[in-house]
Amino acid sequence: VWLRSLSGRVATLRLSEKFILLLILSAFITLCFGAFFFLPDNSKHKRFDLGLEDVLIPHIDTPKEGKHASGQEKLRKSREELKAEIQTEKNKVMEDLKKKDVGPKPLPPVPMPKVVGVSDGEPPEPDVKEKRDKIREMMKHAWDSYRQYGWGHNELKPIAKKGHSTNIFGSSQLGATIVDAVDTLYIMGLHEEFKDGQEWIEQNLDFSVNAEVSVFEVNIRFIGGLLAAYYLSGQEVFKLKAVQLAEKLLPAFNTPTGIPWAMVNLKSGVGRNWGWASAGSSILAEFGTLHMEFVHLTYLTGNPAYYQKVMHIRKLLAKMDRPNGLYPNYLNPRTGRWGQHHTSVGGLGDSFYEYLLKAWLMSDKTDTEARKTYDDAIEAIERHLVRKSNGGLTFIGEWKNGHLERKMGHLACFAGGMFALGADGSPDDKAGHYLQLGAEIAHTCHESYDRTGEEAVCCIHKHNIHKHTC
């Protein structure tokens with residue numbers, strides 16, 4: 001009985017073990033088959049990888065036997081051989097680049113405007129001829145002295161008799177006097193001197209220098225001078241040089257507002273403003289004195305960028321609020337807000353108003369937007385800045401932070417001629433009024449020189465008393 005009982009327990013134990021083993025085996029088989037069925041589709045996986053390769057990295061073909069052999073062969077080469085191969089590849093790339101670099105794109109041909117008043121005729125009036133000859137003699141004296149003592153420099157120090165290059169031209173010898181004078185030489189009939197200037201410009205004027213220049217100064221003196229010389233003489237070199245320089249100035253407009261920096265490096269294109277100009281603001285007379293030259297650059301090149309840059313400035317100013325209708329002299333190119341509320345028709349503001357009027361005239365009086373902007377500005381100037389001194393002299397004061405300063409800067413004397421030039425076309429039949437105003441301003445400036453004496457030139461005329469002081 002005991003043996004039978006023991007035998008039954010052993011049999012029962014063996015059955016349990018078999019059952020457990022069967023469960024383990026079933027679980028293993030289920031796991032294996034389940035894993036097989038849940039594996040991703042291999043073909044889909046390949047398509048996914050290829051798609052990702054196409055988007056992120058260049059496709060690389062599977063290397064073949066020949067390619068492997070070539071790679072192993074390169075690895076066995078010496079360092080000198082590898083350097084020689086690299087240099088050969090570099091030379092090949094450089095040759096390809098030279099073939100592509102065929103020089104600047106030729107400028108499109110444009111009709112030359114008819115220039116009036118440069119026919120070298122003689123005036124019939126003897127006194128006019130005498131004055132003209134004297135002026136030509138003075139010009140030739142100045143040119144000959146510069147030719148002898150400062151040739152190629154930007155300026156001449158007449159007392160020291162040596163050349164000088166100021167920081168507004170990057171302290172580089174860019175021949176500013178030559179470029180600025182060639183159109184005058186041509187008009188005066190000094191053709192030998194003009195030819196000397198043209199030869200220097202053609203052979204020596206190079207703008208690929210590491211120099212920080214004033215955008216305003218090089219625009220009016222270099223681009224303006226070169227364009228005028230081109231229109232007068234028809235010599236292509238002047239047009240080509242003007243366009244080369246203009247391309248170097250375009251990076252100055254890369255500001256948050258499109259108002260250009262005052263200074264730009266001709267090589268790097270990095271711009272900045274004068275530190276003293278109302279916390280680094282741009283100056284009205286500088287960014288407002290680009291319009292005429294840039295419009296002509298677009299006309300001559302077919303590149304609309306120049307025209308768009310200056311028209312953007314005009315449209316931005318039109319949207320801004322102006323205290324008492326006056327244009328402050330400072331505008332921050334980062335924020336688009338006015339700086340110090342200081343308005344003057346002299347330094348810092350002067351040529352902005354001049355260029356509005358001349359843009360209208362240059363367009364054959366079709367740029368009515370420029371004319372209206374000029375008329376509105378002059379109306380505000382006359383209302384708030386034009387006054388009479390106790391001695392009866394008409395002057396243009398300066399507006400500072402809501403108050404009129406009864407002083408007139410020497411540079412504001414140009415306004416007499418501007419008022420006279422703008423009289424024709426004035427609104428409300430005020431031509432006679434502005435001619436009279438221009439004459440009064442000119443008289444005031446003449447008196448300031450006359451009363452100061454020949455030994456000095458007055459920079460500031462104060463009009464709260466009869467006496468003019470510097």
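A charge is taken to sit over a ring if NZ of Lys or CZ of Arg is within 6 Å of the ring centre and within 35 degrees of the ring normal. By that criterion Arg-147 lies over the face of Trp-151, at 3.9 Å from the ring centre, and Arg-371 lies over the face of Trp-360, at 4.5 Å from the ring centre. The model is predicted, so local features need pLDDT of at least 70 and side-chain atom pairs count only at pLDDT 80 or more, whereas totals for chains, interfaces and linings use all residues. Residues are numbered from 1 along each chain as its sequence is written, and side-chain values use heavy atoms, with hydrogens and water left out.

**Aromatic rings**

- Rings of Phe, Tyr and Trp (its six-membered ring) pair if their centres lie within 6.5 Å, and planes under 30 degrees apart count as stacked, over 60 as edge-to-face and the rest as tilted; on this basis a search of the whole structure finds 14 aromatic pairs.
- Among them, Tyr-230 and Tyr-231 form a tilted pair, 5.6 Å centre to centre with 50° between the planes.
- The pair formed by Trp-274 and Trp-276 is stacked, because the ring centres are 6.3 Å apart and the planes stand at 25°.

**Burial of the paired residues**

- Buried means under 20% relative accessible area, exposed over 50% and partly exposed in between (1.4 Å probe, protein chains only); Tyr-230, at 4% relative accessibility, therefore counts as buried, as does Tyr-231 at 13%.
- Trp-274 is buried with a relative accessible area of 15%, whereas Trp-276, at 54%, counts as exposed.

**Helix α8**

- Helices (H or I, at least four residues) and strands (E, at least two) are DSSP runs, numbered from the N terminus; α8 covers residues 215-233, which is 19 residues.
- From first C-alpha to last, α8 reaches 25 Å, close to the 27 Å expected, where the expected span is 1.5 Å times one less than the number of residues.
- A bend of about 25° occurs in α8 at Gly-224, the bend being the angle between axes fitted to the seven residues ending there and the seven starting there.
- Because 16 of its 19 residues are buried, α8 is largely enclosed by the rest of the structure, and Gly-234, which follows α8, has a positive phi near 75°.

**The three-stranded sheet**

- Three strands form an open, antiparallel sheet in the order β8-β11-β12, two strands being paired if DSSP finds at least two bridges between them.
- β8 (342-343) and β12 (403-405) stand at the edges with a single partner strand each, so one side of each is left without a neighbour in the sheet.
- β8 pairs with β11 (residues 398-400) over two bridges, and Thr-343 stands opposite Trp-399 in β11.
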